[in-house]
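Please keep the sequence and the three-dimensional view at hand while reading.

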Amino acid sequence: MYTSAKLVRFDWAIKRLLRNKADYCIVEGLLTAILGKKIFIKSLLESESNKETETDKFNRVDLLAEDENEDLYIFEIQNNRELDYFHRMAYGTSKCIAEYMKQGEPYEKIRKVYSINIVYFSLGQGKDYAYKGTTKFISMHDGNEELVLSQAQKEAFHCETPSEIFPEYFLLRVDMFDDVATTPLDEWISFLKTGDIPTTATAPGLQEARERLREDLLEADERADYYRMMENLRYQRSVIETGRAEGRAEGRAEGRAEGIAEGRAEGRAEGRAEGIVEGRAEGRAEGIVEGEEKKAIAVARQMKADGMPAELIAKYTGLTIEEIDNC
């Protein structure tokens, strides 16, 4: 069962509304559903990638959070297709590491970065809507052995493997969700896809989101900004769908043209082949007929030389009387 109140889109709310400490529980809920462990946000940080341009209103939403262990969480929500989005994910974590590394600090002070990427298009090929990427060092000879840290490193860095030091990437492809929610993460993705939260939802942060992200709670300037963003989204999707439709139409037209050309070429080739075969067959048949006629004439000549009557020669050779007379 759903409430009647309309909710604002999460990608707009995460940049415009969820900056008060009282609202951290909503972002914490999503992080907990993704990582499978309870996350408490210490603060929201500013990053050079946090832009306030008109393009960013419908193109990209960034939020940078810090937990109690000083681990960093990058949120990026992308509505429009980007072929090189994986590269942007790599750049984002690298930039974040460098940005929060103080000059002169030892490398061991590098902070753990979690990159949370929510996209509304099909990125890569895969059946699932949720993917996780980590850095592992695997033996080039064995293929199964994973490199782990030494005992001294484990004690110094408080982790077991190098993958716990490197950034971790989480990719959520919203459009690939099948609309059947059975886990807390499913419930969150359902909200991201549909904009609705059922009263029965139990995922952390969703009940708070259902109360605090109501569209009727927006101030007048916030509502105007939100409507502009929604209109931009509709326009962008219309442009993309129009491009796809035109591309499909052009593709079908080109396909038909190529098919006709190929059909004509194949027809000409088949015609030539059939002509060659038929010609050979007819040639062989004509050759056989000519050979039989020559043989009959030779026999008729011999029978005629032996003094046999023309009627008898015609009977045995199949030649006419006129043909026998001309032998």
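The model shown here is predicted. A search of the whole structure finds nine aromatic pairs, and several of the rings involved are described below.

**Aromatic pairs**

- A pair of aromatic rings is described by the distance of the centres and the angle of the planes.
- Y73 and Y114 form a stacked pair, with 4.9 Å from centre to centre and 10° between the planes.
- This pair joins distant parts of the chain, since Y73 belongs to strand β3 and Y114 to strand β4 (residues 113-119), 41 residues apart.
- Y73 and Y114 are both buried.
- The ring centres of Y129 and F177 lie 5.3 Å apart with the planes at 85°, and the pair is therefore edge-to-face.
- Y129 counts as buried because its relative accessibility is 10%, under the cut-off of 20%.
- F177 is likewise buried, as its relative accessible area is 3%.
- F10, W188 and F191 are linked into a cluster by ring pairs.

**Charges over rings**

- R9 lies over the face of Y120, at 5.1 Å from the ring centre.
- K112 lies over the face of Y114, at 5.4 Å from the ring centre; Y114 is also the partner of Y73 in the stacked pair.

- F121 is located in the loop between β4 and β5.
- With a relative accessibility of 4%, F121 counts as buried.
- In sequence F121 and D175 are 54 residues apart, whereas their C-alpha atoms are 6.1 Å apart in space.
- Leaving aside neighbours within four places in sequence, F121 is in contact with Q78, N79, N80, R81, E82, Y85, R173 and D175.

**Helix α9 and its end**

- Helix α9 spans residues 310-317, and I313, A314 and T317 are buried in it.
- Viewed down the axis of α9, the buried residues fall within an arc of 100°, so they line one face of the helix.
- An α-helix has 3.6 residues a turn, so residues three or four places apart point the same way.
- E311, K315 and Y316 are exposed on the other side of α9.
- Just after α9, G318 has a positive phi of about 80°.

- E70 is a residue other than glycine with a positive phi, near 70°.
- E70 is placed in the loop between β2 (61-67) and β3 (72-78).
- H158 is not a glycine either, yet its phi is positive at about 60°.
- H158 is found in the loop between α5 (151-157) and β6 (168-173).
- H158 counts as exposed because its relative accessibility is 69%, over the limit of 50%.

Conventions
Residues are numbered from 1 along each chain as its sequence is written. This is a predicted model: local features need pLDDT of at least 70, side-chain atom pairs count only at pLDDT 80 or more; totals for chains, interfaces and linings use all residues. Side-chain values use heavy atoms; hydrogens and water are left out. Helices (H or I, at least four residues) and strands (E, at least two) are DSSP runs, numbered from the N terminus. Buried means under 20% relative accessible area, exposed over 50%, partly exposed in between (1.4 Å probe, protein chains only). The arc is that of the directions from the helix axis to the C-beta atoms. Rings of Phe, Tyr and Trp (its six-membered ring) pair if their centres lie within 6.5 Å; planes under 30 degrees apart count as stacked, over 60 as edge-to-face and the rest as tilted. A charge sits over a ring if NZ of Lys or CZ of Arg is within 6 Å of the ring centre and within 35 degrees of the ring normal. Contact means heavy atoms within 4.5 Å.
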